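Here are a few notes on the charged side chains, as promised. Have the model open while you go through them.

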Amino acid sequence: MRHSAILLSCTILASAAHAAPLPIDPLWKSESFRKAVTGSFGIDSRIEPFITTDEEFYLKKAAEEMAADNRKAAIATLGGSSILDRSPAMLFNLATLQYEEGDMEAAQASFGKAIAAFPNFRDAHRNLAVVFVQSGQPDKAEPHLTRALELGANDGLTYGLLGYCHASRDHHQAALDAYRAAMLSQPKDRQWRLGAAQALVALEHSREAASLLQSLVDEMPEDSSSWLVQADAWLRLDDKIRAAANLEIVHRSGALDANSLLTLGHLYTQSDLPALALERYRAALTSPSPVSPSRAVEALELFVSGADWTRAKEFTTLLDEIEFYRKELDPASGEKPLISRLTRVRAILELETGDAAAGAKRVEEWLEREPLDGHALLLLARFREDAGQTEEAEMLLEQAERLPEHAASAHLARGRLLVAAKDYEKALEHLEKSQELKPNDSLAEYIAAVREFAETPSK
């Protein structure tokens, strides 16, 4: 139907597959920790502090307490030492204990003190970066990871965390390079391969990403992250069926969020599976964390633009039944652009289902609130034209012409109205104005055809 063309185009949003939580480094099993508790620091004096006899006493005592599974006693031993502030090795181990206890603030402070006491402390830089990443501060982690690499770090965790930091800033090529470096030393680590796949998708290497992700899916099909990122890759390759299949698998596992459910509904709508689409839309709207009103209206627009009037009416009924959407989509809510979209789409639905008068009244009432809504003016002009009220339609289009954002569309609509009335000369004025404001090859061809009519002598 031509009225559907008035709707704003709906963009399918690819499911934003966020990176899964980073793996916690098994610090107590790492070489750096074993060196600390056995007094072997000092082998490389450039990146590790030398351990004195006094420090060795406290470190060994703390190690014994850890062996007895008494972490709090180990923290008290190191934290209560009179030489703590002068010992980067003890500060490092205290920070590690605090980190394992989940006290990120204390760990951050202790790692910072260790670095202040020994600026080239490579593992302290790396572990402080771990704390920052775990605390959601990748921007603060990045310089410490870079410094660790400058000091000779070559482990997968350092490179992988750096990839994560780059990805968080949308530096996708740098992220891919770092993840690939991490994969050289930790080729089986899922997190780095998933990060590399995400970077590949962002860099438009979606087919390579999909292939990499398939290996992750095959290895661990219960991991929803791999399915979601692969769905994103399929979407970018315009393979809607495969993308929908991935999202459906995650949905059936109970791990698909409301926004991704809505995306799945969009994919079903575009794949001519409207019944499934409505089911997924319903789940998205009734979720404990439902989609935004704007995204809900987006789904309704898709049904209407596809002329699926039955399901569009079911969807509007659902919106009316849910208190959250009733409140947010009330004309008095203040969300003018959103209410304008909803008003127009509902008016078209009423028109196409046999109640044009109700549709026109809905738009009229909205224009009483927002007389400068160009989209609504254009739609009401179409209602008037269909009802044979051409003079009123022209008046509405004349109002819309005064709005810069809608002038081109208004001149075009008025030109076509005048062509229908066989007033070709006046029609050309408006069509040419529309072409001047918004050049279009199809419109240029239409103008040429109208001009030919205008120049043809009437018989």
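1. Which residues are linked in a network of salt bridges? Arg 190, Arg 193, Glu 219 and Asp 223 are. Keep in mind that we're looking at a predicted model here.

2. For the overall tally, searching the whole structure turns up 31 salt bridges. The points below pick out a few pairs.

3. Take Glu 370 and Lys 336: they form a salt bridge, with 3.4 Å between the closest N and O atoms. Glu 370 sits in the loop between α20 (356-369) and α21 (374-386), while Lys 336 belongs to helix α19 (residues 336-352), so this pair ties together parts that are 34 residues apart in sequence.

4. Next, have a look at Arg 311 and Asp 308. Their salt bridge has its closest N and O atoms 3.5 Å apart. Asp 308 is buried, with a relative accessible area of 16%, whereas Arg 311 is partly exposed at 24%. The cut-off matters for this pair: buried means under 20% relative accessible area, so Asp 308 gets that label.

5. Finally, there's a pair within one helix. Lys 433 and Glu 436 meet through their side chains in a salt bridge, 3.8 Å from N to O. Both are in helix α24 (residues 424-437), and because they are three residues apart, about one helical turn separates them. Glu 436 is exposed, its relative accessible area being 58%, and Lys 433 is partly exposed at 32%.

Conventions:
Residues are numbered from 1 along each chain as its sequence is written. This is a predicted model: local features need pLDDT of at least 70, side-chain atom pairs count only at pLDDT 80 or more; totals for chains, interfaces and linings use all residues. Side-chain values use heavy atoms; hydrogens and water are left out. A salt bridge is a side-chain nitrogen of Lys or Arg within 4 Å of a carboxyl oxygen of Asp or Glu. Buried means under 20% relative accessible area, exposed over 50%, partly exposed in between (1.4 Å probe, protein chains only). Helices (H or I, at least four residues) and strands (E, at least two) are DSSP runs, numbered from the N terminus.
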